[in-house]
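Please walk through the model shown below. The paragraphs that follow take up backbone details and helix packing in turn.

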Amino acid sequence: MSLSPVHDELAAAHQELTAWLMTEALPIWWAFGVDHVNGGFHEVLGLRCEIVPAPRRVRVTARQIFTFALAGRLGWTGPWERTVEEGLAYFLDKCMLPNGAVRMVTEVDGAPKDDTFSLYDQAFALFALAAAASVVRDRSKVEAAAVKLRDLLMTDYKNPIAGFEESIPPSLPLKANPHMHLFEACLAWEEVGGDATWSRLADEIAGLCLAKFLDPADGWLKEFFNADWSVADGLPGRISEPGHHFEWAWLLTRWGTSRQRPDAVAAARRLCELGEAHGINLAEEVAIMGILDDLSIHDGTARMWSQTERMKGNVALAAVAASEVDRDAHLAKVVTAARALQRYADVDTPGLWRDRMNPDGSFVIEPAPASTFYHIICAIDEVGKYVASR
């Protein structure tokens with residue numbers, strides 16, 4: 001298929017985002033977002049790079065390890081390797097428990113604060129370890145930590161039907177979102193040459209999504225479930241998040257393509273269609289946070305991360321589109337989301353960002369969260385791979 005004007009627009013947007021990433025975002029988050037005293041990473045930066053001391057969620061430490069590992073793979077010339085090595089050492093020493101799981105929160109100095117089990121945090125631990133394994137000189141201890149955690153999940157936290165419990169003893173609701181990130185982690189380990197169990201687990205989670213997470217009639221992604229994976233009662237069972245529609249679309253397209261599963265790609269296409277049709281603030285051209293099953297707005301806020309997932313879902317589907325018309329339609333959405341992303345990054349201190357846009361297009365004034373960086377750099381990478389492949 002020939003290239004089109006929208007491809008040129010996409011390439012230009014990618015070039016601008018990459019320049020911002022390399023010359024502004026990565027340098028500022030290394031200089032101020034890395035805790036050069038205590039180790040690890042700060043949770044947030046004030047909009048003039050003020051460091052705001054606060055307990056650290058382990059998921060943020062994991063995401064920042066991924067961010068700097070990917071920065072190195074993308075060619076950033078800053079001290080990414082040292083940052084990954086030191087971040088990994090901090091993670092293994094301060095964030096992991098003797099049984100192989102990760103705690104939820106540490107104090108600023110790395111001391112334990114909250115050892116509660118969170119399936120979501122375990123997923124990001126596995127994801128960070130895969131990213132580290134792709135760049136560190138000796139991956140044996142990294143892989144051993146990942147396998148130990150995976151074995152713990154499969155031994156102690158396995159749901160009798162499929163997937164995993166949220167706690168021991170089991171608690172409700174069960175959630176799709178942690179499984180999405182476990183799926184992401186499994187695919188990451190598959191890509192870096194992990195053992196065959198990662199692929200089997202990825203297949204199980206994909207099957208769970210296709211069988212239980214997606215509404216069989218219309219294709220909507222549900223978020224909360226009962227113990228038997230039936231949709232939760234009441235308001236929780238009515239919520240759908242457009243950002244997660246796009247994120248699952250990206251993952252299911254990758255998995256469906258690799259497994260030759262057209263049903264998965266079709267489900268991904270439907271998820272993206274629903275997100276675009278019902279999950280966009282049309283006046284601002286941004287993806288919002290939540291809608292209900294009657295298509296009313298549950299949360300009209302537009303988080304920055306939802307725009308990155310809109311980029312990823314659409315660019316993945318563009319790569320497998322059957323026609324130039326379909327391809328260009330997806331690429332146009334990627335460009336729209338990329339331009340929206342630039343609005344969030346239009347702040348007084350280049351390299352930082354806003355996190356939340358109100359329905360009227362104004363932004364909530366608050367510190368920049370480190371947790372968003374993983375979304376941003378991953379989206380830039382996915383678009384870059386597409387552009388480079390044409």
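Gln260 sits in the loop that links α8 and α9. In this predicted model, Gln260 has a positive phi of about 55° although it is not a glycine. The residue is exposed, with a relative accessible area of 70%, and the cut-off for that class is over 50%.

Another non-glycine residue with a positive phi is Leu295, where the angle is near 70°. Leu295 belongs to the loop between β9 (290-291) and β10 (297-299). Its relative accessibility is 41%, so Leu295 counts as partly exposed, a class that lies between the limits of 20% and 50%.

The loop between α5 (140-156) and β5 (174-175) contains Pro169, and Pro173 lies in the loop between α5 and β5 as well. The peptide bond from Ile168 to Pro169 is cis, with omega near -5°. Leu172 and Pro173 are also joined by a cis peptide bond, for which omega is about 5°.

The helices come next. Two packed helices are described by the angle between their axes and by the distance between those axes. Helix α8 (residues 242-258) packs with α10 at an angle of about 35°, and their axes are 7 Å apart. This crossing of α8 and α10 is left-handed. On the α8 side, the residues that meet α10 are Gly243, His244, Phe246, Glu247, Ala249, Trp250 and Thr253. Their partners in α10 are Trp305, Ser306, Glu309, Arg310, Lys312, Gly313, Asn314, Ala316 and Leu317. By class, the residues of the contact of α8 with α10 comprise 6 nonpolar, 6 polar and 4 charged.

How do α9 and α10 cross, and at roughly what angle? The axes of helix α9 (residues 262-278) and helix α10 (residues 304-319) come within 10 Å and cross at roughly 135°. Angles over 145 degrees would count as roughly antiparallel; α9 and α10 are therefore oblique to each other. The crossing of α9 and α10 is left-handed. From α9, the contact involves Val265, Ala268, Arg269, Cys272 and Glu276, and from α10 it involves Arg310, Gly313, Asn314 and Leu317. These residues of the contact of α9 with α10 divide into 4 nonpolar, 2 polar and 3 charged.

Set side by side, the two contacts share part of α10: Arg310, Gly313, Asn314 and Leu317 meet α8, and Arg310, Gly313, Asn314 and Leu317 also take part in the contact with α9.

How values were computed
Residues are numbered from 1 along each chain as its sequence is written. This is a predicted model: local features need pLDDT of at least 70, side-chain atom pairs count only at pLDDT 80 or more; totals for chains, interfaces and linings use all residues. Side-chain values use heavy atoms; hydrogens and water are left out. Axes are lines fitted to C-alpha atoms, for helices over the stretch in contact, and angles run from 0 to 180 degrees between N-to-C directions. Helices (H or I, at least four residues) and strands (E, at least two) are DSSP runs, numbered from the N terminus. Angles under 35 degrees count as roughly parallel, over 145 as roughly antiparallel, 65 to 115 as roughly perpendicular and the rest as oblique. A crossing is left-handed if the near helix is turned anticlockwise from the far one by less than a right angle, and right-handed if clockwise. Contact means heavy atoms within 4.5 Å. Ala, Val, Leu, Ile, Met, Phe, Trp, Tyr, Cys and Pro count as nonpolar, Asp, Glu, Lys and Arg as charged, and the others, Gly among them, as polar. Buried means under 20% relative accessible area, exposed over 50%, partly exposed in between (1.4 Å probe, protein chains only).
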